[in-house]
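I opened my notebook to get to know a new structure. Come along and look things up with me.

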Amino acid sequence: MKSAASAAVATPSLPRPVGLAARLGAFARSVWPGLMMSLVVALAAVGLGGLEREAVGKVWLEPLVLAILLGAGVRAAWTPDERFRVGIDFSAKILLEVAVVLLGASVSAATLSSLGLGFVAGVFALVAAAILAGFGIGRLLGLNPRMALLAACGNAICGNSAIAAVAPVIDADAEDVSAAIAFTAVLGVVVVLVLPLLGAALALSEVRYGTLAGLTVYAVPQVLAATVPVGAVANQAGTLIKLVRVLMLGPVCLALAVAVALRGRSEGGPAAVGAPPRRLPLGHLLPWFIVGFLLMMGARSLELIPADTLPVLRWITTALTVMAMAALGLSTDARAVARAGPRIAAVVTLSLLALIGMALGLIGLLAVI
């Protein structure tokens, strides 16, 4: 008969399951430092905006823009260590995506239908043309095909998100991905700061300026920073058009996956005949915040969201966006431009200028008022 001691030795002890509360607590502890840093920078930006209004009677630089500048200034003077990194990344990604979802409550389906099928088709054609132009510029300036394609897709669709989505599809090298993301992150901030000046110089109406921002600015939340100073109409037009542009990410990834598979078969590589087809995560084809935005827009159109809650949702959206912009600034290392090299810098800059030119041409062609 076995003793209790031998039985205890024979039966291995199983690890105690970690409860949901424990996991949430660990996550909160990891996120807290960076989240608080983003909040402090955001509050400083709001405070500076208030001082600006008191001093000159008008806010020339909105808190959204000030948050980016302050965050980038902090990052230039001090690089946050790993304790802050998780919370900063969380603020720059998750908070801004939640803000985009809530922003759907401010747009109705009637606004989308007002764009018209012709305009939506024009946006799709613009994205395709911008990818071809960016790829051509990259190849002319000596970038390898994968690097040129990363820069082109990032410029044409949604910056870093597009680069991150396209990279695994085309098997891009980590160095190429890092270089492309480093420069588009910095250039995206520059566009947010400069585009309002271009709109004023061209005397664009709010609708035209919002359309230009939606067609050219890299990230969805950055459209907020670029359009809020101009007006609510510019903000709504820019956000809606940008989301139509982001929806091109799915078809582009699918097209590239098919192209890579066909090329692999023709070369007898890993995608040769008989190999399983390359699968893409659904989140790469249709980001969750786009789905959330559309659901919120549908709820607003069906009058499922009470009218008296809309101001509260707008306030929460603005607060989350300011925090996200602060985190974006904290994540932006201007010195990365030098490390990325002048060639990729020239490619991305020229591609962006070409995109702006094509966007202005589309606005004129479709007679946007």
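My entries below go from the whole chain to single residues.

**Ground rules.** This is a predicted model, where local features need pLDDT of at least 70 and side-chain atom pairs count only at pLDDT 80 or more, while totals for chains, interfaces and linings use all residues. Residues are numbered from 1 along each chain as its sequence is written, and side-chain values use heavy atoms, with hydrogens and water left out.

**Entry 1: the whole chain.** I looked up the secondary structure and found 17 helices and zero strands. Both are DSSP runs numbered from the N terminus (helices are H or I, at least four residues; strands are E, at least two). The chain has 369 residues, and 45% of them count as buried. I noted the cut-offs: buried is under 20% relative accessible area, exposed is over 50%, and partly exposed lies in between, using a 1.4 Å probe and protein chains only.

I then checked the surface, and the chain exposes about 18,100 Å², with 71% of it supplied by carbon and sulfur atoms. Such areas come from the Shrake-Rupley method with a 1.4 Å probe, and for residues only the protein chains shown count as cover.

Next came contacts, meaning heavy atoms within 4.5 Å. Taking those between residues at least 6 apart in sequence, I read that 79% join residues at least 24 apart.

**Entry 2: the core.** Which residues touch the most other members of the largest nonpolar core? In this core of 105 residues, they are Ile131, Leu150, Ile157, Leu215, Val217 and Leu256. A nonpolar core here is a set of buried Ala, Val, Leu, Ile, Met, Phe, Trp, Tyr and Cys residues joined through side-chain atoms within 4.5 Å. I followed up Leu215: beyond its neighbours within four places in sequence, its contacts include Val123, Leu126, Ile241 and Arg245. Leu355, Ala359, Leu362 and Ile363 are also in contact with Leu215.

**Entry 3: aromatic pairs.** I searched the whole structure and got two. The test is that rings of Phe, Tyr and Trp (its six-membered ring) have centres within 6.5 Å; planes under 30 degrees apart are stacked, over 60 edge-to-face, and the rest tilted. Phe27 and Phe90 have ring centres 5.7 Å apart and planes at 75°, so I wrote them down as edge-to-face. Phe27 sits in helix α2 (residues 20–56) and Phe90 in helix α4 (residues 82–103), so this pair ties together parts 63 residues apart in sequence. Phe27 is partly exposed at 41%, and Phe90 is partly exposed at 21%.

The rings of Trp78 and Phe84 also make an edge-to-face pair, because their centres are 5.5 Å apart and their planes are at 80°. Trp78 is partly exposed at 37%, whereas Phe84 is buried at 14%.

**Entry 4: salt bridges.** How many salt bridges does a search of the whole structure find? I found three, each a side-chain nitrogen of Lys or Arg within 4 Å of a carboxyl oxygen of Asp or Glu. Arg83 meets Asp81 at 3.2 Å, N to O; Arg83 is exposed at 53%, and Asp81 is partly exposed at 32%. Asp89 pairs with Arg85, their closest N and O atoms being 3.3 Å apart. These two are four residues apart in helix α4, so about one helical turn separates them. Lys93 meets Glu97 at 3.0 Å, N to O, and they too are four residues apart in helix α4. Is Glu97 buried or exposed? At 6% relative accessibility, Glu97 is buried, while Lys93 is partly exposed at 47%.

**Entry 5: Asn155.** This residue belongs to helix α6 (residues 145–158) and is buried at 0% relative accessibility. I found a polar contact of 3.4 Å between the side chains of Asn155 and Tyr218. The term covers N or O atoms within 3.5 Å; within protein, one must be able to donate a hydrogen and the other to accept it, and residues adjacent in sequence count only if both atoms are side-chain atoms. The Asn155 side chain also reaches the backbone nitrogen of Leu352 at 3.3 Å.

**Entry 6: backbone angles.** Most residues other than glycine have a negative phi. I noted Asp171, a non-glycine with a positive phi of about 55°, in the loop between α7 (160–170) and α8 (174–201). Ala203 likewise has a positive phi of about 55°; Ala203 lies in the loop between α8 and α9 (206–216) and is exposed at 67%.
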